[in-house]
Amino acid sequence: MESQRQKKISSLIQKELAGLINEDLRRGGIKNLIISVTKTRVSPDLSLCKVYLSIFPSDNSVAQIALLQKNSTKIKYDLSVILRSEEHTSELQSQFRISYA
């Protein structure tokens, strides 16, 4: 069972990560693609954060997953700057859930 602190941090990471991904999509000029952060789970010691994503349309989801994994270091850095505690930002472990229409 998650503590209140884990829930708050998880919610904050989910909100900020969704904003980062959407901002990167807009800057890259990518249209007709939706990447949603459906859920985040933070470990009790706050050292690990599992991120669950939903990608629509799913026909190019493999390429998007590869691109997100390639840029995971930059995403983690950007997230840590937003959260203002780089050394305490949880290691992001992405688990991808693909949505089918």
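Me: How many helices and strands does the protein chain have?
Reply: The protein chain has 3 helices and 3 strands. This is a predicted model.

Me: What pattern do they follow along the sequence?
Reply: The pattern reads α-β-β-α-α-β.

Me: What about helix H1, how many residues has it?
Reply: Helix H1 has 24 residues, 4-27. From first C-alpha to last, H1 reaches 35 Å, close to the 34 Å expected at 1.5 Å a residue.

Me: Which residues in H1 are buried?
Reply: Gln 6, Ser 10, Ile 13, Glu 16, Leu 17, Leu 20, Ile 21 and Leu 25 are buried.

Me: And what covers them?
Reply: The cover includes strand E1 (34-42), strand E2 (48-56) and helix H3 (72-83).

Me: Switching topic. How many salt bridges does the structure hold?
Reply: It holds 3 salt bridges. One of them pairs Glu 23 with Arg 27, with the closest N and O atoms 3.3 Å apart.

Me: Where do Glu 23 and Arg 27 sit relative to each other?
Reply: They are 4 residues apart in helix H1, so about one helical turn separates them. Glu 23 is partly exposed at 37% relative accessibility, and Arg 27 is exposed at 57%.

Me: What about Lys 74, which residue is its partner?
Reply: Lys 74 forms a salt bridge with Asp 78, the closest N and O atoms being 2.7 Å apart. Both lie in helix H3, 4 residues apart.

Me: Is Asp 78 buried or exposed?
Reply: Asp 78 counts as buried, at 19% relative accessibility, because buried means under 20%. Lys 74 is partly exposed at 44%.

Definitions and conventions:
Residues are numbered from 1 along each chain as its sequence is written. This is a predicted model: local features need pLDDT of at least 70, side-chain atom pairs count only at pLDDT 80 or more; totals for chains, interfaces and linings use all residues. Side-chain values use heavy atoms; hydrogens and water are left out. Helices (H or I, at least four residues) and strands (E, at least two) are DSSP runs, numbered from the N terminus. The expected span of a helix is 1.5 Å times one less than its number of residues. Buried means under 20% relative accessible area, exposed over 50%, partly exposed in between (1.4 Å probe, protein chains only). Contact means heavy atoms within 4.5 Å. A salt bridge is a side-chain nitrogen of Lys or Arg within 4 Å of a carboxyl oxygen of Asp or Glu.
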